[in-house]
Amino acid sequence: MQTQQQGGQLKRTMKTRHLIMLSLGGVIGTGLFFNTGYIISTTGAAGTLLAYLIGALVVWLVMQCLGELSVAMPETGAFHLYASRYLGPATGYTVAWLYWLTWTVALGSSFTAAGFCMQYWFPQVPIWAWCLVFCVLIYSLNVISTRFFAEGEFWFSLVKVITIIAFIILGGAAIFGFIPMQDGSPAPGLHNLTAEGWFPHGGLPILMTMVAVNFAFSGTELIGIAAGETENPHKVIPVAIRTTIARLIIFFIGTVFVLAALIPMQQAGVEKSPFVLVFEKVGIPYAADIFNFVILTAILSAANSGLYASGRMLWSLSNERTLPHCFARVSKNGVPLVALSVSMLGGVLALFSSIVAPDTVFVALSAISGFAVVAVWLSICASHFVFRRRHLQQGRALSELQYRAPWYPLVPVLGFILCLVACIGLAFDPSQRIALYCGLPFVALCYGAYYLTRSRQPVQEIQHVAE
């Protein structure tokens, strides 16, 4: 199966290890490193574990849907193409812009955060100088070739994965007294998990934090974005999905368990990063420097993935003739230079907004970003539901599908409902309600823009492409 081409063909150069690390690298970031403390302070230890277990279930449901779609149709820009074919071209257009904005905003905030990390070691160097250095670094990794980008992301992600594994092992040892606490206090065991009761503030906070939890898991869907540039996608994608989900559940649930067991609920929301507090409690030498390096690596990894994803979305929109032809042009190495350059420019503008108007423009963009991830997941579940139903209505056998989501239609329906419930939960949290105030009008704006600017291309050309 080939995507309709008008600017150039992207190359299939990614291998299984690249795809797995790309997905893990997109997920293990600020959501896990920073948001977990806020969730513990809001829902309590047991509530946080439950929230992350629900989040893991949602990720599993969404990835099963995406797996079936991306193996049947391995294309770059997957989500909006599936939404265009099965939910309507306007919905596909909106999904693409939502996802582009998600990663472009993350790009700007990542450069700012990376500058703060470097200032820890070099306080005399201004943050903007480090932002410039990292802009050049991430842009270079992406424009040389897809393979070069994938190798860079592999090593970025490997540092984070090793750190998480070490954190779980050391933290688990401290919980049960195999490693003494620095202040000489006895090992906490499982006391902190229930010290304030199972759900000290009731069940509503769990609902309110579900978007934050889902946002922490966001990035797994990058497997679908990269499907069009992966060698042997029919074999690689199922392996990558199974491996990624298994590792994420172990990493996230293991990490949250250690954090919740070692940090009392009252302290969780106060510290900048719960990880730093844990390292201090168990007395790891040079903890601040070690963790600052890990955070820097996590941030650069997120920026690397973000530029890749946002550039591919613009290329795919142009490839479907809803953006000018120039965005679909690729270099001799198969890299969409114009799409990447415009996405980098968007990231730089987001960076400036975080400095010039942090309480207005950037807050609004960040709110849309969180809302957008869950909206994209909604579209994946809905697209899979319609895809499988059409497949059967056409009299085709299930055996033709090389990867099948189990328990259809339960998987897409339950995934859709849980994502929708997470969005509704935003309305109950005053600090996150802005996501709905900004996100819903942005969706309406995208639909309006599609109908105002859509190409004269007949709708029949945006159709299901036979395998």
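A nonpolar patch on the surface is formed by Leu204, Val413, Phe416, Ile417, Leu420, Val421, Ile424 and Phe428, which together have about 640 Å² of accessible area. Such patches are made of residues with over 30% relative accessible area and no salt bridge, like charges being joined within 9 Å and nonpolar side chains (Val, Leu, Ile, Met, Phe, Trp, Tyr) within 5 Å; the accessible areas come from the Shrake-Rupley method with a 1.4 Å probe, and for residues only the protein chains shown count as cover. The model is a predicted one, in which local features need pLDDT of at least 70 and side-chain atom pairs count only at pLDDT 80 or more, whereas totals for chains, interfaces and linings use all residues. Residues are numbered from 1 along each chain as its sequence is written, and side-chain values use heavy atoms, with hydrogens and water left out.

The element that gives the most to the nonpolar patch is helix α18 (residues 410-426), with six residues; helices (H or I, at least four residues) and strands (E, at least two) are DSSP runs, numbered from the N terminus. Val421 has its place in helix α18 and is partly exposed, with a relative accessible area of 35%, where buried means under 20% relative accessible area, exposed over 50% and partly exposed in between (1.4 Å probe, protein chains only).

Helix α18 also packs with helix α10 (residues 210-217), at an angle of about 125 degrees and with the axes 8 Å apart, so that α10 is oblique to α18. The contact (heavy atoms within 4.5 Å) is made by Met210, Val211 and Asn214 of α10 and by Ala422, Cys423 and Leu426 of α18. The axes are lines fitted to C-alpha atoms, for helices over the stretch in contact, and the angles run from 0 to 180 degrees between N-to-C directions; angles under 35 degrees count as roughly parallel, over 145 as roughly antiparallel, 65 to 115 as roughly perpendicular and the rest as oblique.

The loop between α17 (361-393) and α18 contains Pro409, which is joined to Tyr408 by a cis peptide bond with omega of about 5 degrees. Trp407 lies in the loop between α17 and α18 as well; its phi is near 55 degrees, a positive value in a residue other than glycine, and Trp407 is exposed, with a relative accessible area of 61%.

Within helix α17 is found His384, which counts as buried at 0% relative accessibility. Neighbours within four places in sequence being left aside, His384 is in contact with Cys65, Glu68, Leu69, Ala405, Tyr408 and Pro412.

Two salt bridges are found in a search of the whole structure, a salt bridge being a side-chain nitrogen of Lys or Arg within 4 Å of a carboxyl oxygen of Asp or Glu. In one of them Glu68 is paired with Arg388, the closest N and O atoms being 2.7 Å apart; this pair links distant parts of the chain, with Glu68 in helix α3 (residues 35-72) and Arg388 in helix α17, 320 residues apart. Both Glu68 and Arg388 are buried. A salt bridge is also formed by the side chains of Arg396 and Glu400 (3.1 Å, N to O), of which Arg396 is partly exposed at 25% relative accessible area and Glu400 is partly exposed at 36%.

Helix α19 (residues 434-453) holds Cys446, a buried residue with a relative accessible area of 6%. Cys446 and Val95 are 351 residues apart in sequence and 8.8 Å apart in space, C-alpha to C-alpha.
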